[in-house]
Every structure is written in structure tokens, then in C-alpha cells.
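Subject: Structure handover

Hello,

Here is the structure for your set-up work. Notes on what was found in it follow below.

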Amino acid sequence: MKKRENFLVFGSPVIEEDEIAAVCDTLRSKWIGTGPKVSEFEKRFREYIGIEYSAALNSCTAGLHLALVALDLPAGSEVITTPMTFCATANAIIHSGCVPVFCDVDPVSRNLTAEKIKEKITPRTKAIVPVHFAGYPCDMVEIMKIAKENNLYVVEDCAHAIESTINGKHVGTFGDIGCFSFYVTKNLMTGEGGMIVTKNPKLEAKIKVLALHGMSKDAWKRFGDEGYKHYQVIYPGFKYNMMDIQAALGLIQLGKVERFRSKRVELWKIFKNEFKNLSCRLPSDHDGHAYHLFCLEVDSEKMKGKTRDQVLLEYQKLNIGVGVHYQALHLQPFYESKYGYSKGMFPNAENIGTNTISIPFSPALTDKDIEDVILATKEIFQ
Ligand SMILES: *Cc1c(COP(=O)(O)O)cnc(C)c1O
């Protein structure tokens with residue numbers, strides 16, 4: 001295949017005229033910061049997910065952090081999570097004063113399983129943070145069972161999993177708090193942005209206060225037309241609030257989320273069919289999958305020793321952007337040196353980390369882009 005003329009950006013978002021108009025309307029309204037659009041987006045998002053409470057934030061990372069802070073875990077508590085995730089998951093655990101305890105994943109789903117979690121529980125364990133990898137739902141029924149038996153909180157990292165369901169019920173509604181991401185590459189984007197959802201009104205209220213400097217409820221209204229209200233600082237909070245500009249984008253994108261998913265489902269079927277005889281492992285299907293990423297697993301033995309890193313370069317040389325989800329997190333220098341993790345501890349995650357590659361899989365891809373990705377993949381993995 002010939003090198004593409006322009007670089008195909010991995011995970012580029014769909015931005016149409018109505019997103020552009022919504023942002024312009026917000027700018028013209030002059031209410032740009034946290035305001036009525038954020039409230040509306042929170043309401044529409046919790047209706048979509050099917051849960052009672054929600055708080056919009058400036059990222060999913062902020063959501064994970066505030067979720068763990070709001071749960072008020074004793075300093076040094078152990079929180080079990082997966083090494084098959086973005087570093088934000090583990091960093092949020094650390095910033096809440098806890099210790100991330102990694103646990104190996106299932107080699108097919110790339111998710112934590114109740115069985116593997118159980119082996120890591122100690123008297124200091126206080127919470128579990130499962131990640132629904134690529135939108136493949138974790139077995140939350142079994143994970144919640146283990147959590148209840150051991151008196152553990154559960155914070156679900158749903159960054160990949162806006163549309164993921166288990167028996168028709170959205171992920172994020174099983175644990176105590178669910179955290180969603182609206183980063184540019186995610187299934188719904190607001191530029192930067194995130195949302196927590198919960199069934200617990202006290203957790204929602206506390207997270208909203210923590211997200212705006214720890215100032216008492218609805219402090220953003222102090223500049224509104226209801227008369228000046230003094231606020232009180234009740235926690236040493238953070239600056240994690242979402243802006244109306246972001247919420248304006250989110251409201252439009254939420255209306256398209258199922259259309260985007262259908263487009264990815266269609267692409268998933270095309271890729272699986274086109275690639276079925278290539279020297280790589282294809283991702284597995286599951287009911288309620290959000291189909292966020294399309295990850296291939298390189299089989300070096302079948303490719304005369306060609307490594308994943310060589311494959312990455314080959315795509316880049318053809319002007320096709322690719323991703324790695326993820327290098328096993330426990331082997332990153334900080335966690336290795338601080339917590340004593342090393343190679344060999346989590347073989348499934350390490351094997352995925354060495355061999356995985358994510359190819360472009362966004363609903364923004366044109367027919368020509370898709371054709372290029374298919375041609376390149378067939379050439380690289382023949
Ligand atoms: C993207 C991502 C996050 C962080 O989301 P932000 O909104 O960028 O903070 C956390 N966890 C996982 C698994 C992610 O993919």
C-alpha cells in the first residue's frame with residue numbers, strides 16, 4: 001500500500017455543524033463557566049445511564065479522584081485495580097491517600113475477574129476500581145458479590161464504557177460510583193470532561209462541593225440573578241468543575257452516542273471479517289459491549305519475529321495513527337520503584353502490554369480511511 005497523503009489521527013472525534021452551533025450559542029450567551037448547560041447535561045446523562053444522581057467534572061481523572069476522596073477511606077488503604085488501564089486510574093488512588101494494588105486480568109476480556117480480585121484482598125483492602133476495558137463489561141454481578149462479602153466500596157472506571165450494559169443495565173450503576181470520560185478520543189467527547197454517577201445523594205452532593213473548591217452547595221449560582229449569596233468553605237476542595245461550553249458539546253454528542261456506536265459495531269464486523277485469516281488475535285465480542293477500541297494482538301512467532309513495536313512503526317510509516325491500550329501499568333517506573341512491582345507478576349497483562357495494538361476505529365473514519373486501514377492491516381499482518 002502507498003503511504004497516505006495525510007496522517008490519519010487515531011481516535012479523532014465526530015464534530016458536526018450542530019456541535020459548532022451549540023458552542024457558539026454558549027459563547028453568545030456569555031455564561032461560559034459552570035451553569036445551566038452543565039445542569040442540563042447532568043440530568044440528560046443520568047437519564048441515559050438510568051441512575052438518580054450525577055455530577056459533571058472536567059475529566060474522568062477528576063471523577064476517580066473525587067470518588068475515592070468522597071468515600072473517605074483511611075490513609076494507606078489498599079485499593080485493588082487493574083494494570084490494564086490508563087495511569088489516571090492508579091494515580092487517582094494514590095492522590096486519595098491510598099495504595100494501588102494491581103491484580104492480573106483475564107487474557108480474553110482484559111478485565112479483572114472476581115476470582116483474581118479475591119486473591120488480593122487483605123484486611124487493609126477498602127475498595128475495588130474495575131475498568132471496563134474497551135467497553136467490554138466486567139462481570140459486575142460477581143465483583144459486587146465479592147465486594148459485599150468483604151465490605152469493600154466499588155468505583156467503576158467507565159471511561160471506555162458509556163454504552164456498556166449488563167442484562168440491559170448500564171455499567172457505572174453497579175458500584176458505589178461510576179466515572180465516565182468525555183476526552184476527545186472517547187465515545188462521547190466534550191474536549192476534556194467527565195461525569196460521576198451514583199445512587200447515593202450524599203456522595204453526589206459531596207463530590208459537587210469537592211469539585212468547586214469545597215464551597216457549599218451551588219456556589220456557582222452566586223453570580224446569578226437570585227441575589228448574592230455568601231458561600232462557606234466546608235472542605236479543602238479542588239477545581240474540577242465542568243464548563244457550559246463543554247456541556248453544550250456533551251448535550252449534542254449524547255444525542256448521537258447510539259448512532260456512533262452503531263457505526264463502530266458495523267466497522268467491528270467489517271474488520272473481524274476482513275482480518276480473520278491474518279497472523280494476529282482479534283478482539284472478542286460480548287453482549288452489552290460499547291466497542292470503544294479495536295485491539296489486535298501481535299503473534300510474533302507467526303510473523304518471523306516481527307514485534308508489536310515494529311508493527312506500530314509500519315502503520316506510522318503509512319501515515320496511519322495507532323495506539324497501545326495499554327503497556328502493563330505496574331511496569332511503569334514509578335509503580336515499580338515505589339511499590340515493588342516487577343516483570344513476571346501479572347503474565348496476562350504483561351503479554352497484552354507487549355503485543356497489543358489499537359487501530360483507528362472512530363465513527364469519524366471515511367470509507368477511504370477504512371479502506372486504508374484494512375489494506376495496511378492486511379499487508380502488515382499477512
Ligand atoms: C481516558 C481514561 C481515563 C481518564 O479520562 P480523562 O477524562 O482523560 O481524565 C481514565 N481511565 C481510563 C481507562 C481511560 O481510558
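Phe294 stands opposite Ile359 in β12 (helices, H or I of at least four residues, and strands, E of at least two, are DSSP runs numbered from the N terminus). This is a predicted model, in which local features need pLDDT of at least 70 and side-chain atom pairs count only at pLDDT 80 or more, while totals for chains, interfaces and linings use all residues. Residues are numbered from 1 along each chain as its sequence is written, and side-chain values use heavy atoms, with hydrogens and water left out.

Three-stranded sheet

Strand β11 (residues 294-298) runs antiparallel to β12, and four bridges join them. The open sheet they belong to has three strands in the order β10-β11-β12, with antiparallel pairing (two strands pair if DSSP finds at least two bridges between them). β10 (280-281) and β12 (356-359) are the edge strands, each with a single partner, so one side of each has no neighbour in the sheet. Helix α12 (residues 347-355) packs on this sheet and touches β11 and β12 (contact means heavy atoms within 4.5 Å). The direction of α12 makes about 95 degrees with that of β11 (axes are lines fitted to C-alpha atoms, for helices over the stretch in contact, and angles run from 0 to 180 degrees between N-to-C directions).

Seven-stranded sheet

A second open sheet has the strand order β1-β9-β8-β5-β4-β2-β3 and mixed pairing. Its edges are β1 (53-57) and β3 (99-102), each with a single partner strand, so one side of each is left without a neighbour in the sheet. On average, neighbouring strands here are turned by 25 degrees against each other, direction ignored. β2 and β3 pair in the parallel sense over four bridges, and Val79 has Pro100 in β3 as its bridge partner. α4 packs on the sheet, touching β2, β3, β4 (125-129) and β5 (153-157), and its direction makes about 140 degrees with that of β3. α2 lies across β1, β8 (177-181) and β9 (194-198), at about 130 degrees to β1.

Buried parts

Pro83 is in the loop between β2 (78-81) and α4. Its relative accessibility is 0%, so Pro83 counts as buried (under 20% relative accessible area; exposed is over 50%, partly exposed in between, with a 1.4 Å probe and protein chains only). Leaving out residues up to four places away in sequence, Pro83 touches residues including Phe102, Cys103, Phe346 and Ala349. Helix α8 (residues 244-254) is mostly covered, with 10 of its 11 residues buried. Its cover includes α1 (17-29), α2 (36-49) and α9.

The largest pocket has a volume of about 680 Å³. On a 1 Å grid over the protein atoms alone, a pocket is an open set of points with protein on both sides within 12 Å along at least five of seven lines; a cavity is a set where a 1.4 Å probe fits but cannot get out; lining residues have an atom within 4 Å of a point. Points are joined across faces, edges and corners, and a volume is the space filled by probe spheres set on them. The largest pocket is lined by 43 residues, and the closest to its centre are Tyr183, Thr185, Lys186, His292 and Tyr326.

Regards
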